Amino acid sequence: MGVRVGPPEKRGEGWFTGLYAAEYANVVRYGLRRLADADASAELAQEVFVVAWRRRDEVPDRSLPWLYGVARRLLANHWRSRRGVPDVLPITGADLARVASSSGADTTVGVADVRAALAVLGELDQEILRLIGWEELTVSEAAHVIGCTRATAAVRLHRARRRLAAAMSERPAQSRHRPVLAATREEL
Amino acid sequence: MSGAERTRTLLGPVDPARTAVVAPPLVSARELINRAGTTETVAGRRRVHPNRRLVLAAGTLAVAAGAVAALQPFGRRPPDVPGGTGSIAGTVLVPVSYQFDTDPPEAGPHLRALAGKIKDADHEHLGGRYTYHHTKVWGDPVMTSADGRHQVAFAGETKVWQAADGTGSQINTQVEPQYPDQESRDYWQRELASRPALGAAVTPAPVPLPPMELTPPSADPSRLRELLKVELGPGAASKEVSTLYQRFVVPRAVRAAILRVLADVPGFRWRGQVTDRAGRDGVAVTFDDREHDAQSLLIFDPTTGELLAHERLTLSPVRISAYQLILEAARTDRMG
């Protein structure tokens, strides 16, 4: 997922073009997971890379967590400006019938259960779970995105997993038969 | 298994972007740089030009050379480089020639006949913990000159070893530039002929694959129709067939069922015998999507019924938009 980059003094247009080509799709997917439409996700990605160019001397070699962090802050500003407006979570991949069954108790629930349980968690819980589960970052990288220490992120992940498990166990039976099509996201 | 790994196992299958196809950038890197220089705030939403291709402004050779260096990091020089060091060479893509180029017959009867006679593939006599796929793709994204006439993109090869639980390893390699026409090749060679040499060779690093649910495709026709999204038409079905073959080693019964499902999708035309971009003999079907000026092409192995290639073309002019080649599908106990 990362891109090899040169030292800061060599970060010209060529470096930026390479970064853009390598990570644009990943940043768009970050947006797709948190916004309702592809156009908004593409616009978010453009703004992320505008920031990356402006602050190119700060972009680390392992650039993707840094870019996600920028996207997260831009989204936070965007949501604050739309206070009270629900965000519809995109629900795709409906052909996925069950979660993998090879790794323990987590896997005995249906897709709809996981989505519904995730939607009722707080934003920080959701974000640490998404960063680990969807962006596939390490705990250290997720800590960078959220802006905390690795130890804090590890604790947040542990607690978020515990609350997710609790939410899934508390879901009424009907949720297993009715896909969640939309959810109101908590304000940051 | 760590908490992070368990989280990926649990949430991976409900990732709404897991299978999302991201369109090429609407604006170029150059435009974003210009935007950064002319605006002070970045939080607002901004409508951009509705150009769905990565556009490189004419004359911005530094940008273009940077893109070349970034997209072709392995220093491989194609054999037909006519220019000096650093020139951008590569091959011109020509459309696959069809046996039935004009007035092709309906594909249904031919696909059913093929389904009835296919043989075992080599992989059906192999065991192994991992499936192995070696694929080559081109066309996403395509870089376009400012006047919109000249395109270039770099082909990419991917090797994937994947166990039943989704874990495994993947190696991506960016290879040679390819062009949809000679004019594009001439343009990009001329524009970039004097640029510095590309970077030194870099060995691509394997990427570990996290667990994910992999449900092998069923030979049940109704489930296959759903999996291949045939209700959305032949174009969507073509794409899904390609995705399925790139993800699974498909057994003979399922291959036959896929051919029969496609036979019942209205719109496919039989193109007869073809040779794919890897030089393999095949038989082909196409679907012309006039509304979107696009053609979908599927090439099957005439002996085993395996998918060899999936291509997208524009109809006017007839030109390659993208291709995927499945160079090898096998089973193995060893990665790498």
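**Figure 1. Helix α6 of chain A in the predicted model.** Helix α6 (residues 139-146) of chain A is largely enclosed by the rest of the structure, because six of its eight residues are buried. The model shown here and in the other views is predicted. The buried residues of α6(A) are V139(A), E141(A), A142(A), A143(A), H144(A) and V145(A). Just after α6(A), the backbone at G147(A) takes a positive phi of about 90°.

**Figure 2. The largest nonpolar core.** This core has 59 residues, of which V48(A), A52(A), L67(A), A71(A), I132(A) and A142(A) touch the most other members. Helix α1 (residues 13-32) of chain A gives the most to the core, with ten residues. Domain 1 (8-81) and domain 2 (105-176) of chain A each supply at least three residues to this core. Another core, of 50 residues, lies apart from it and includes L114(B), L297(B), L298(B) and L325(B). Not counting residues up to four places away in sequence, A71(A) touches V27(A), Y30(A), G31(A), L44(A) and V48(A).

**Figure 3. Surroundings of V70(A).** V70(A) is placed in helix α3 (residues 63-81) of chain A. V70(A) counts as buried because it has 21 C-beta neighbours inside 10 Å, where 20 or more are required. Leaving aside neighbours within four places in sequence, the contacts of V70(A) are with V48(A), V51(A) and A52(A). V27(A) is 43 residues from V70(A) along the chain, and the C-alpha atoms of the two are separated by 9.9 Å.

**Figure 4. Surroundings of I320(B).** I320(B) is found in strand β12 (residues 318-332) of chain B. With 25 C-beta neighbours inside 10 Å, I320(B) counts as buried. Its contacts, leaving aside neighbours within four places in sequence, are L93(B), P95(B), G139(B), P180(B), E311(B) and L313(B). The C-alpha atom of I320(B) is separated by 9.2 Å from that of V96(B), and these two residues are 224 residues apart along the chain.

**Figure 5. Chain B as a whole.** Chain B contains eight helices and twelve strands. Of its 336 residues, 40% count as buried. Among the contacts in chain B with a separation of 6 or more, 70% are accounted for by residues 24 or more positions apart.

Figure 6. The pLDDT of chain B averages 80, and 80% of the residues score at least 70. Confidence in chain B is highest in helix α8 (residues 252-263), at a mean of 98, and lowest in strand β1 (residues 54-56), at a mean of 23. Over residues 39-87 of chain B the pLDDT stays under 50, and the model has 118 contacts beyond four places in sequence for this stretch. Residues 197-201 of chain B also have a pLDDT below 50, with 13 contacts in the model beyond near neighbours in sequence. Where pLDDT is low, the predicted coordinates should not be read in detail. For the complex, the predictor gives an ipTM of 0.72 and a pTM of 0.52.

Methods. Residues numbered from 1 in each chain as written. Chains lettered and ligands numbered in written order. Predicted model: local features only at pLDDT ≥ 70, side-chain atom pairs only at ≥ 80, totals over all residues. Helix = DSSP H or I, 4+ residues; strand = E, 2+ residues; numbered from the N terminus. Buried ≥ 20, exposed ≤ 12 C-beta atoms within 10 Å, placed from the backbone. Contact = placed C-beta atoms within 7 Å. Core = buried A, V, L, I, M, F, W, Y, C linked by C-beta atoms within 7 Å. Domains from an automatic or database assignment. pLDDT = per-residue confidence, 0-100.
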